[in-house]
Amino acid sequence: MTTFVDRVVLHLQAGDGGHGCVSIHREKFKPFGGPDGGNGGHGGSVSLVVDPQVHTLLDFHFRPHVKAENGRGGAGSNRDGGNGADLVLKVPDGTVVQTSDGTVLADMVGAGTTFEVARGGRGGRGNASLANSRRKAPGFAELGEPGEQLDVVLELKSVADVGLVGFPSAGKSSLISVISAAKPKIADYPFTTLVPNLGVVRLDNHTFTVADVPGLIPGAATGKGLGLEFLRHIERCAVLVHVIDTATLEPGRDPLADIDTIEAELAEYGGLADRPRLVALNKVDVPDGRDLAEIVRPDLEARGLRVFEVSAATREGLKEFMYAMAELVAQSRAATPPAEPTRIVIRPKAVDDAGFTIEAEDDGSYTVRGVRPQRWVRQTNFDNDEAVGYLADRLARLGVEDQLAKAGAQPGDLVRIGEREFDWQPTLYAGAEFVPGARGRDVRLEEKSTRASAAERLAARKARRQRPADEVAVVSGEVEPASGEVGPASSEVAAASGEVGPASDDGDDAK
């Protein structure tokens, strides 16, 4: 079984942020010492880094599910939770990171190149961090933000200077075994090479890498044989070498036809027309192979190709062939502009950027999109009315309610923010005049009850006990009561003087 894997699908899960803590400081003689809930820790992120010691994606083939560490929750006494550890995955040089639909996220070339593919969630703030001059003791805390979760496809495109292409059993593996220290599998049957082989060639002051690509056959660019799986490994090659078998016994095969077939497959794959070519007529140690090489050499040179007659068995012609490859590699490197250091680009926010957008859907609902509104919704505990009221205040300060009204939203319309749906009820933001109620509650979200509250009942009792102003005047003698009318105050005066007694049930005079 081969141990080379050049394409895997990774299921990534960054760490979730820890929840903030709701805590009130309590100790002897300090029954209410203020909020002291700590913040939650941030979740760990998942990053990829190029390691020169890694040459295959085999590890991810057996362990495709990757998850970073979660952040820990906050605690009382202002203790913040610990951050989750970041997860760093080592990948080979030349790894391309892309989404499931083929969108390229990063092309990782060069040792040490790092790419953060999944960011960990933010930790929620505790009630100590949420306290302010108006809300002195919040009865809620923010929830930890979930970490990013996505599937990515990793494809390995070998980084080599020279790519050897040709039909199966043309001698590519034999050539790379004698010009470098690579030891690929060599046998006398087609498709012996099932995986690309890389070899490092050192010649005088020149050092370059050579890739042995598995044999190509007609239709390789459309998925026939092994070509489609490994044609991507020559995309980064600066020089292409046609290795031609001059001693083949297959009928209908000749060097010119082999080169035309391979060139047709390269053209169909695309993107390789500008690479310089060399031709290595291999196996000239065989008498028939030498005769055929001498016959086709003028025709190949007429096409503008540099031709070398070589033999991997006797090493004939290899020195001139290696110098020619080194020369083309040096020309390619000289023509390549030097790599510039990474520039930090600062993009200020646009003047008219509100931080969110509102889209009217066909079903009459409205969708609010934006980094901050969606993060605030994810961090809100909807089982706590005070937390919901705090979210409403933040959205109002951001201008979401004003923009919904301008977009034509009516009370009761469905509004989506992230994964949450709301029935929009426009409310007047209280601002500095808002005074929070009991912890964990928000009076603006409470439904009005028909039963009078305790404060209302107390005020009613006080009102009943207070005498009207006219009765107080009659008792003091400033005003005489109207004839025929005896109010409560005048009855008390008459009773005190003995003129009027309490009425009896049977109509007799009071004694």
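Close-up 1. Y390 is buried, with a relative accessible area of 12%. The structure is a predicted model, and Y390 belongs to helix α9, which spans residues 385–398. By the ring-pairing rule, the count comes to 3 aromatic pairs. One of the pairs joins Y390 with F140: the ring centres lie 5.2 Å apart and the planes meet at 45 degrees, so the pair is tilted.

**Close-up 2. The ring pair of F382 and F422.** The centres of these two rings, F382 and F422, are separated by 5.9 Å. Because their planes stand at 40 degrees, the pair of F382 and F422 is classed as tilted. F382 is found in the loop between α8 (371–378) and α9, whereas F422 lies in strand β18 (residues 420–423). The two residues are 40 residues apart, and their pairing links distant parts of the chain. F422 is partly exposed, with a relative accessible area of 24%.

Close-up 3. Four arginines, R457, R461, R464 and R465, form a positive surface patch. Among them, R461 is located in helix α11, which covers residues 454–465. The relative accessible area of R461 is 35%, so this residue is partly exposed.

Conventions. Residues are numbered from 1 along each chain as its sequence is written. This is a predicted model: local features need pLDDT of at least 70, side-chain atom pairs count only at pLDDT 80 or more; totals for chains, interfaces and linings use all residues. Side-chain values use heavy atoms; hydrogens and water are left out. Patches are made of residues with over 30% relative accessible area and no salt bridge: like charges are joined within 9 Å, nonpolar side chains (Val, Leu, Ile, Met, Phe, Trp, Tyr) within 5 Å. Accessible areas come from the Shrake-Rupley method with a 1.4 Å probe; for residues, only the protein chains shown count as cover. A salt bridge is a side-chain nitrogen of Lys or Arg within 4 Å of a carboxyl oxygen of Asp or Glu. Lys and Arg count as positive and Asp and Glu as negative; His and the chain ends are not counted. The place of a charge is taken as NZ of Lys, CZ of Arg, CG of Asp or CD of Glu. Helices (H or I, at least four residues) and strands (E, at least two) are DSSP runs, numbered from the N terminus. Buried means under 20% relative accessible area, exposed over 50%, partly exposed in between (1.4 Å probe, protein chains only). Rings of Phe, Tyr and Trp (its six-membered ring) pair if their centres lie within 6.5 Å; planes under 30 degrees apart count as stacked, over 60 as edge-to-face and the rest as tilted.
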